[in-house]
Amino acid sequence: TPPEQIRNFCIIAHIDHGKSTLADRMLQITGVVEERAMRAQYLDRMDIERERGITIKAQNVRLPWVLDGQEHVLHLIDTPGHVDFTYEVSRALEACEGAILLVDAAQGIEAQTLANLYLALEKDLHIIPVLNKIDLPSADPDKYAAELAHIIGCEPTDVLRVSAKTGAGVRELLDEAVRQVPAPVGEADAPARAMIFDSVYDTYRGVVTYIRVVDGRISPREKIRMMSTNATHELLEVGIISPEPKATKGLGVGEVGYLITGVKDVRQSKVGDTVTWERRGATEPLAGYREPKPMVYSGLYPVDGSDYPVLREALDKLQLNDAALTYEPETSVALGFGFRCGFLGLLHLEITRDRLEREFGLDLISTAPNVVYEVTLDDGTELVVTNPSDWPGGSKIGDVREPVSKVTVLAPSEFIGVIMELCQGKRGVLLGMDYLSEDRVELRYNLPLAEIIFDFFDSLKSRTRGYASLDYEEAGQQSADLVKVDILLQGEPVDAFSAIVHKDAAYAYGNRMATRLRELIPRQHFEVPIQAAIGARIIARETIRAIRKDVLAKCYGGDISRKRKLLEKQKEGKKRMKTVGRVEVPQEAFVAALSTD
Ligand code: GDP
Ligand code: MG
């Protein structure tokens, strides 16, 4: 297809504003999916996406559309909507010239819409503002058209109005996409350069890599090279998605499609990388490639220790499809054998855990998540700490830096007070505040990432009765007064409970964990102190009082089989006991202590 007839665009929207439904309608109206085969959210393929109603992985599809007698090819690129996947969103945007900014006509703009809009504007994409769900009785399109126009600097009449549910206005939207989105430009005769904007593992075909051709042409039976690693691959197939994969003779300037090389692991075909020919290839990769970098770490342990090999296998499998997931074996006194895992963010952690439990039948416990700390020791040594157990002891620490985020909160203005209170309590620094309309406000904060991953979202939602939306992006590192709090049982540290917290929050954390453990750990034949400590300094203490009870005494002289039963029951219980020092603790107690809020 000649570039003049191609239009590449994506839909950016807050979760639930109707992106998937609109994509479905487009598939249907362009005739790509037959009426009969149509099922809701055709493009959201993963079960977990359907259940949570969120889009995790980008998908793309090619749609034919005729305007004024001229045939066109529209490539709809479906971006993941969540903040954890900002990098993937930004690469998907890079593959487009235009973006449909889709806003629920009953809700208005939300934080994620704004964050993705800013990203799209940074990439110079043409924005088509669209209000969705105009069929809803509660829709207020005039109000939100004004809001949208105000934010992107257009006229309220430029804002299109559709119902993805009924299909109203969707044909007009496709017409406008052809009129307004610029055609791609590139050098047809130059060595090929194509950008990878998604990469998915398929059990039958190996890795399927989604690309947007920028220059030249990618044809099958050619060898290609990944420019970040210089690795070369045989090209087994090149094709388009419409909506099922179809092999083609090649992809030219501006075209979007997929390629298959037979590699088995998405880390060999990384989002953001540039594909070129092996011979006479391009010398300059496309700008902006970045290695995925875990931002949040947590320990994952099987509740049943014998599931450990299953967990290992499951992680191996998931990693084939998730270049951002990292893990290494770890052992814990309290939890046994498990893995230290790195994630892009909290949602990534939750999704991964959910998939492990659901798809592999595992029952897992995760330790409190932590961020990545940079520590400079007094002697100048630099450390990167991703696990509280690697925190340097003693007084050798010179400076500690932690990641900070720029947080955007959108909410009705009546909640300004409670939001400010929450952010201040989380060490937030107000950067600015703007009214989007009379009664809706945008607050911008600098907040340590560590505070955000610790129930910030839930607190925000409950304090604003669900009306606030949140988005955040990386904003570098800053120095902070952080300490490691250990929890000791009879003087022995229980590793899974160590946490790195701000000095001012150390006492509260120590106290909370000590109290919780006192309630959960059964009494022993001797007194057991539970302490919270920073280094050698004890900051909180609880005591489990001793009991004197011989279980068998009860059966004195009684019937033998009952006695045996009791002994067997005790033995069974022992299997799941963890020993810390002299204290025997049922693993459930640790699990419960980690999972309560
Ligand atoms: P996404 O998270 O942006 O992909 O949103 P979905 O497409 O999953 O839609 C979220 C919810 O809104 C679903 O329950 C849809 O059925 C509903 N929805 C989407 N578009 C419309 C619309 O135009 N009108 C109405 N009434 N509901 C819609
Ligand atoms: Mg969706």
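Student: Which residues does Lys133 touch, not counting residues up to four places away in sequence?
Tutor: Keep in mind that this is a predicted model. Contact here means heavy atoms within 4.5 Å. By that rule, Lys133 touches Asp16, His17, Gly18, Asp104, Ala105, Ala139, Val162 and Ser163, leaving out residues up to four places away in sequence.

Student: Where is Lys133 found?
Tutor: Look in the loop between β5 (126–132) and α5 (141–152).

Student: And where does Gly18 lie?
Tutor: Gly18 sits in another loop, between β1 (6–13) and α1 (19–29). Setting aside residues up to four places away in sequence, its contacts are Leu102, Asn132, Lys133 and Ala164. In an unreviewed entry, UniProt lists a "binding site" that includes Gly18 and Lys133.

Student: Is Gly18 buried or exposed?
Tutor: Buried means under 20% relative accessible area. Gly18 has 10%, so Gly18 is buried. Lys133 has 21% relative accessibility, so Lys133 counts as partly exposed.

Student: Which residues touch the most other members in the largest nonpolar core?
Tutor: That core has 46 residues, and the ones touching the most other members are Leu315, Leu356, Tyr373, Trp391, Val407 and Ile419. Helix α7 (residues 308–320) gives this core its largest share, five residues. A second, separate core has 39 residues, among them Ala99, Leu101, Leu148 and Val200.

Student: What is Val407 in contact with, leaving aside its neighbours within four places in sequence?
Tutor: Its partners are Leu443, Arg444, Tyr445, Leu447, Ile452, Leu470, Asp471 and Tyr472, again leaving aside neighbours within four places in sequence.

Conventions:
Residues numbered from 1 in each chain as written. Chains lettered and ligands numbered in written order. Predicted model: local features only at pLDDT ≥ 70, side-chain atom pairs only at ≥ 80, totals over all residues. Heavy atoms only, no water. UniProt positions renumbered as here; feature names shortened; annotations may be inferred. Helix = DSSP H or I, 4+ residues; strand = E, 2+ residues; numbered from the N terminus. Buried < 20%, exposed > 50% of the residue type's maximum accessible area, 1.4 Å probe, protein only. Core = buried A, V, L, I, M, F, W, Y, C linked by side-chain atoms within 4.5 Å.
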